[in-house]
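Subject: Structure handover and findings

Dear colleague,

Please find below the structure I am passing on to you.

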Amino acid sequence: MYQKISPPRNPHGTGWHGLGYDSVSDDFKVVSVVIHSSRAPGDVYVFTSKHSSWKWIGDTHYIYKSYQKGDGTVVNGMPHSLWIRSSDGSFMDSSVPKVILCFDATEEKFKEVPQPNYERGYISIDMGIFGEWLCVVHNHHGCNDVWVMKEYGVKESWTKLFVVPSDLSHYFKPLCYAKDEKVVMMLGWDELVIYDPKEIRYTRIGIPQDSELFDMALYVESLVSPHGGNNTAN
């Protein structure tokens, strides 16, 4: 079961999208940010499932990496992604600190999420989800520290779980724990592995031979209809 949504009527631009849940009105909402420049905030539109309509609510006051389309990482019913404050400059400048933003579907506004106290200063970060937790990978001095927020919204709950050496892969994506504190993660765009943080080595997991490049994500099954009530869709 799914609901097909037409995009908001808007001038040309790249887009960032996220799905959130409004627990007060019991409604699923889609937020779409249309981005026109790497140096300017984007226009924010919100689609409500109950009314099946879009509305414009203003601009983000933050800048997203407009050269790359993206979708929000959903944690605690809210989509998250990395932005910079519009007063800080351009996303093209790698030295500008990134902020984690979530979109609160109930209040219909973006909020900053506190980050860890990085042990060796800010270099660069990436963000995702590890198991059920919001996850940040902090890249610095040849290492990648993997942090999770064990209690959502509480800065002091950020915990460093393990370290991945930068020479292991130019890109990796931690997904969840396997047995014995080993980690399921992607290496590059073509390998799925079990990584042992203690031994700093990994074992490949077999995947279909015709899968040359792929991405992976965690999901939770739900019986909740995106339409609400007793409506059905093909």
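**Two histidines in loops**

His 61 is placed in the loop that runs between β4 (53-59) and β5 (62-63). As the model is a predicted one, the remarks here concern computed coordinates. The phi angle of His 61 is near 65°, a positive value in a residue that is not glycine. With a relative accessible area of 54%, His 61 is exposed.

His 141 sits in the loop between β12 (133-140) and β13 (143-149). Its phi is also positive, at about 45°, although His 141 is not a glycine. At 59% relative accessibility, His 141 counts as exposed. As background to both entries, most residues other than glycine have a negative phi.

**Overall composition and confidence**

The secondary structure of the protein chain consists of 18 strands and zero helices. Of the 234 residues in the chain, 42% are buried.

The average pLDDT of the protein chain is 82, and 79% of the residues score at least 70. Confidence is highest in strand β14 (residues 158-165), with a mean of 95, and lowest in strand β6 (residues 70-71), with a mean of 68. Over residues 229-234 the pLDDT stays under 50, and the model has six contacts beyond four places in sequence for that stretch. Where pLDDT is low, the predicted coordinates should not be read in detail.

**The sheet β15 to β18**

Four strands make up an open sheet in the order β15-β16-β17-β18, with antiparallel pairing. The edges are taken by β15 (172-177) and β18 (201-205); each has a single partner strand, so one side of each is left without a neighbour in the sheet. From one strand to the next, the twist averages 30°.

The pairing of β15 with β16 is antiparallel and extends over five bridges. Within it, Cys 176 has Val 184 of β16 as its bridge partner. These two strands form a hairpin with five residues between them, and Asp 180 in the turn has a positive phi of about 55°.

Strand β16 (residues 183-187) also pairs with strand β17 (residues 191-196), in the antiparallel sense and over five bridges. The bridge partners here include Met 186 with Leu 192 of β17, and Leu 187 with Glu 191 of β17. β16 and β17 form a hairpin as well, with three residues between them; in its turn, Gly 188 has a positive phi of about 60°.

How many of the five residues of β16 are buried? Five of the five are, so β16 is largely enclosed by the rest of the structure. Val 183, Met 185 and Leu 187 point one way from the strand, while Val 184 and Met 186 point the other way, and all are buried.

**Cysteines**

A search of the whole structure for disulfides finds zero. A disulfide is a covalent bond between the sulfur atoms of two cysteines. Two cysteines may be described by their accessibility. Cys 102 is buried, because its relative accessible area of 4% falls under the 20% limit for that class. Cys 176, the bridge partner of Val 184, counts as partly exposed at 22% relative accessibility.

Ser 81 belongs to strand β8 (residues 78-85). Is this residue buried or exposed? At 4% relative accessibility, Ser 81 counts as buried. Its side chain makes a polar contact with the side chain of Trp 16, at 3.1 Å. Leaving aside residues up to four places away in sequence, Ser 81 touches Trp 16, Tyr 64, Val 99, Ile 100, Leu 101 and Met 127.

With kind regards

Methods: Residues numbered from 1 in each chain as written. Predicted model: local features only at pLDDT ≥ 70, side-chain atom pairs only at ≥ 80, totals over all residues. Heavy atoms only, no water. Buried < 20%, exposed > 50% of the residue type's maximum accessible area, 1.4 Å probe, protein only. Polar contact = N/O pair within 3.5 Å; in protein donor to acceptor, adjacent residues only side chain to side chain. Contact = heavy atoms within 4.5 Å. Disulfide = S-S within 2.5 Å. pLDDT = per-residue confidence, 0-100. Pairing = 2+ DSSP bridges. Axes fitted to C-alpha atoms, helices over the stretch in contact; angles between N-to-C directions.
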